[in-house]
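Here's a quick tour of a two-chain model, written for someone who likes cut-offs spelled out. Have the sequence and the structure open while you read.

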Amino acid sequence: MYKPLLIFWLLVQNICVAAQESPEFINHIVREKENVYRISLHYGVPIDSVKSWNNLDEKYMILLGGKLKIRKQFKTSSRSIMIDKLSAETSLVVTPDTTNSLKNIRTLDSLADVYKYNYLPLLSEPFVISKEPYFFERVLNSFFKANYIFKTILLLNLFFILSVVVLLFIILFRRIKDGYINIRKSKCLDRYRDFITDWLYEAHPSNVPESLLYELKDWVNRSVFTAELLSLHSNLTGDSADKLVKLFHSAGLTKYSIRKAFHSSWYVKAKGFRELAQMKITEERDLIFKYLNSRNDILSIEAQMAWIQLNPNDPLSFFDNTKVHLSEWGLLNSLVSLKKIDAVPDFGRWLSSLNKSVALFAIKMSGVFKQFDNVDMVTKRLDDSDMDIRREAICALGKMAIPAPCNRLRQLFKTEEIINRSEIIRSLTMMSDSSNIPFFEEVMLKETDINLRILSAKGLVSLDGIADDRLNSLFGEADPVLKAIIIHAKDDRI
Amino acid sequence: MYYIIKILNFLIENGIFVYAIAIFISYIIMSIISGFEMIRYMRKNSFVDYSAIISSPYAPPVTILAPAYNEGNTIVENIRSLLSIHYSDFEVIVINDGSKDDSLEKIIAQYQLEKVDYMVNYIIPTKPVRGIYKSTNKAYSKLLVIDKENGGKADSLNAGINISNKKYFAGIDVDCILEEDALLKMVKPILEDSENRVIATGGVIRIANSCKVKDGKMVEINLPKNLIARFQVLEYTRAFLMGRMAWSRLNGLLLISGAFGVFDREIVVKSGGYDHNTVGEDMELIVRMRRYMIENELKYRIVYIPDPLCWTEVPDNLKVLSRQRDRWTRGTMETLFNHMTLFFNPKYGNLGMLGHPYWFFFEWLAPIIETIGVFYFILVFAMGNPDWPFFFLLLGFTYLFAVTYSAWAILFEEFTFARYRRKRDVFRLLIISLIEPLFYHPINVWFALRGNFHYLIGNISWGKMEKKGFTDKTIIKK
């Protein structure tokens with residue numbers, strides 16, 4: 001089972017990153033001959049702020065090499081202000097150059113030492129800067145000052161909240177919309193059902209009333225009506241089915257089906273094909289023809305189904321030049337469509353097809369529909385180099401259950417692989433020909449594969465008569481395994 | 001020493017950061033792929049007539065294998081439900097795995113069974129079969145019961161595989177409730193793929209707690225009343241609709257849950273059947289089948305179907321849940337470590353480069369890394385002064401990501417199958433998604449950690465004990 005993983009705590013650990021080099025603070029490493037006072041001067045910040053940032057109480061002590069946190073924004077701003085002050089008082093010209101060189105001066109008191117200036121009165125200035133702004137201002141400020149990681153994550157968070165709210169509304173909206181459409185559908189469904197049944201019971205139904213034609217212009221009504229009609233049609237045959245087709249045409253629904261068939265989305269197109277096929281609208285056959293070999297497998301299957309139903313004379317003509325490998329699902333659906341038009345073509349035409357899937361289909365169908373004329377051609381395909389085709393041919397011959405190819409099958413047994421071997425025994429069993437007795441006996445006694453032995457024993461059992469006597473006599477002198485096999489084969493409950 | 005700590009520190013911080021980003025991105029990519037795949041699936045199957053399969057010569061024959069251990073209370077009903085499935089060519093094999101209760105007697109009495117002289121062919125070695133039973137009543141001709149000595153779920157399934165001789169088999173938990181058209185929907189992908197051999201299909205497991213069941217069919221679907229089960233509804237929805245669909249598309253699905261999956265019998269037999277030495281036999285089998293196909297250079301696919309086909313009761317108390325999760329964790333570890341050759345092995349394609357590493361890093365390792373992260377945080381918290389605004393921001397980010405992800409899963413469900421028809425239920429699910437990361441997730445991480453611990457302990461002292469029971473669901477069945 002899938003592991004539930006929400007990684008809820010995962011990113012949280014990254015606050016460690018933040019703890020050490022947070023965006024707002026820098027670390028100051030205490031050097032020789034420094035105290036908090038000097039450090040506060042160095043950064044131009046109030047001594048009390050330094051104390052509070054670092055949780056220092058009255059009896060604090062700082063160690064050489066230890067870290068002190070200093071809030072970033074003070075560093076440059078207050079310092080430059082102090083330099084401005086200093087320069088103003090000492091008539092020192094401060095250019096960018098000198099600012100840079102001033103960075104090299106370790107502390108402001110050393111700076112003051114240099115210019116023999118008493119800097120203490122200047123300390124009142126930085127306090128003004130440290131005045132705390134109002135809450136909103138602070139939030140906004142800290143957002144704009146924050147680094148880009150902070151900003152991105154914050155925006156993502158807002159996006160998440162927004163998207164959850166939007167999703168909630170989408171779900172709500174959809175539910176309400178569905179509810180509304182369902183109410184509308186249920187309103188007209190009963191009326192339409194009644195109308196369609198009335199139509200079916202009338203001997204010669206007249207025209208569709210104007211009011212209904214008008215109603216069907218609305219897509220909800222139309223979809224209900226069409227769905228009802230089509231589902232009813234698929235369960236009917238003969239006269240009543242024809243009546244429904246007539247109703248479909250006279251209700252003016254044909255053009256909508258054609259419009260669907262020309263739609264650019266494949267799933268609408270496929271539905272359109274389906275409606276065209278069911279309602280025998282043959283005008284757009286060329287369009288369907290184009291999609292018989294479509295790359296979209298669903299569309300191509302729908303097109304094939306439609307093609308079969310719209311060409312009852314030669315339904316499987318597209319088999320002749322199919323290049324692609326048809327899936328079993330597609331073939332299954334072709335078969336369903338064939339059943340709908342009640343046509344069983346002669347599959348001999350494709351028995352030697354080079355397209356493997358078509359050949360397999362033809363062989364299988366020859367067996368299913370017991371087309372005995374094709375026995376020779378199916379038997380020929382036993383020599384095919386493809387194992388699947390050989391297997392299909394073996395099964396088909398078994399289904400036809402005529403003893404003619406018995407000998408060929410028995411020969412094939414020697415060279416076949418294990419799966420095909422079991423199929424051969426099964427097919428021979430179905431042919432129930434007494435010439436197989438020695439073969440079954442040999443397999444049962446000499447083969448190593450237990451499944452094959454059981455199958456051939458069953459083959460013997462199915463033959464009754466002579467085979468039964470033979471089994472009984474073998475049973476007397478059999479080893480335990482063979483005995484078990486024979487008992488198993490004879491148990492008709494299995 | 002200082003530098004070692006420094007390096008470790010760097011590794012943990014950056015490693016976790018990269019890991020977290022990777023996991024977020026993988027989640028987003030997976031859900032996008034799943035989304036598109038889901039849309040396609042829904043469109044594709046909106047006009048499919050599944051019943052066409054039933055009457056067709058193309059319907060692949062399927063055996064349903066239902067292993068049962070001490071299921072006496074429900075087994076008769078469950079078998080009835082299995083027999084009423086809509087399919088043409090199928091049989092039901094119930095394997096009684098040496099139950100200590102009266103399961104076998106009950107089945108024999110109810111379905112008029114009698115012993116037959118079956119020659120069992122042990123293609124895959126299993127514990128000895130004591131007897132094979134068939135019904136004297138023709139109505140139950142599709143039923144076959146195997147009575148064997150106790151050997152665990154994998155062993156029972158192997159016994160079933162030995163006896164079944166149809167091309168495909170469906171392994172299911174006997175206490176699951178299958179939708180009637182479950183098999184039809186499961187075999188369709190097998191028929192559909194014309195280029196690859198589909199060796200297995202998996203279905204969604206949905207949660208049946210608090211739902212009404214009548215005659216082995218779901219009558220009314222409700223959101224579970226129990227909170228723990230409700231959490232799991234969300235969890236399952238997310239996992240099945242958002243994760244598996246994408247893996248199926250990439251043909252990298254590593255797990256088809258043992259509760260319901262259809263397998264190609266020939267390939268299963270050739271790759272050696274279920275491994276009874278692991279607690280995660282379902283995942284292990286898929287990995288082995290994939291390896292078999294790749295090593296023999298055969299084109300194959302493992303497909304997953306998002307339709308809700310199989311309903312099952314999930315644990316509704318922490319004790320049972322912990323045991324289940326423990327087992328899942330150990331199963332995952334056993335499979336991953338037994339097949340370490342796959343790990344980033346380009347020879348195995350998506351399986352080696354994507355599937356196995358994904359499970360290794362994001363399924364097995366995730367709870368462990370998460371725990372390391374939490375401890376590291378506590379350490380930092382104790383030693384220094386965390387940056388609280390940033391902390392809450394990231395906390396908010398992970399939390400909101402989780403909630404959004406769940407909300408998307410609910411939306412997927414809403415737009416596809418929408419099994420919970422009451423508006424109230426959907427809102428409840430959304431509320432659940434708000435509290436899930438705070439309560440249910442940490443508990444799950446804890447269970448996973450315990451699973452890891454038990455795996456390590458088990459390898460040393462426990463050995464191969466405790467392999468007898470099946471799913472832990474058995475325990476909560478009333």
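Two residues are in contact here if their C-beta atoms, placed from the backbone, lie within 7 Å. Bear in mind that this is a predicted model, where local features need pLDDT of at least 70, side-chain atom pairs count only at pLDDT 80 or more, and totals for chains, interfaces and linings use all residues. Residues are numbered from 1 along each chain as its sequence is written, while chains are lettered from A and ligands numbered from 1 in the order in which they are written.

**Confidence**

The model comes with ipTM 0.86 and pTM 0.82.

Helices (H or I, at least four residues) and strands (E, at least two) are DSSP runs, numbered from the N terminus. Strands pair if DSSP finds at least two bridges between them. On that basis, 10 strands of chain B make an open, mixed sheet in the order β3-β4-β5-β2-β1-β6-β11-β8-β12-β7. β3 (113-116) and β7 (177-178) of chain B are at the edges with a single partner strand each, so one side of each has no neighbour in the sheet.

| Strands | Sense | Bridges | Example partners |
|---|---|---|---|
| β8(B) and β12(B) | parallel | 10 bridges | B:A200 and B:I302 |
| β8(B) and β11(B) | antiparallel | three bridges | B:G202 and B:G261 |
| β7(B) and β12(B) | antiparallel | two bridges | B:I177 and B:W311 |

β8(B), residues 197-207, is mostly covered, with 10 of its 11 residues buried. Buried means that 20 or more other C-beta atoms lie within 10 Å of the residue's own; 12 or fewer is exposed, and anything in between is partly exposed.

Helix α3 of chain B (residues 75-83) lies across β1, β2, β5 and β7 of chain B, at about 160 degrees to β2(B). Such axes are lines fitted to C-alpha atoms, for helices over the stretch in contact, with angles from 0 to 180 degrees between N-to-C directions.

**A loop residue worth a click**

B:V174 is in the loop between β6 and β7 of chain B. Is B:V174 buried or exposed? B:V174 counts as buried because there are 24 C-beta neighbours inside 10 Å. Leaving aside neighbours within four places in sequence, B:V174 is in contact with B:A66, B:P67, B:A68, B:E71, B:I75, B:N78 and B:V94. B:I95 is 79 residues away from B:V174 in sequence, with 9.5 Å between their C-alpha atoms.

**Cores**

A nonpolar core is a set of buried Ala, Val, Leu, Ile, Met, Phe, Trp, Tyr and Cys residues joined through C-beta atoms within 7 Å. The largest one has 202 residues, and those touching the most other members are B:V62, B:I64, B:A66, B:V94, B:L183, B:I286 and B:C310. α12(B) supplies the largest share of this core, 16 residues. A second, separate core has six residues, among them A:I39, A:V45, A:L68 and A:I70.

**Where the chains meet**

Between the chains, 69 residues of chain B are in contact with 63 residues of chain A. α12(B) gives the most to chain B's side, with 18 residues.
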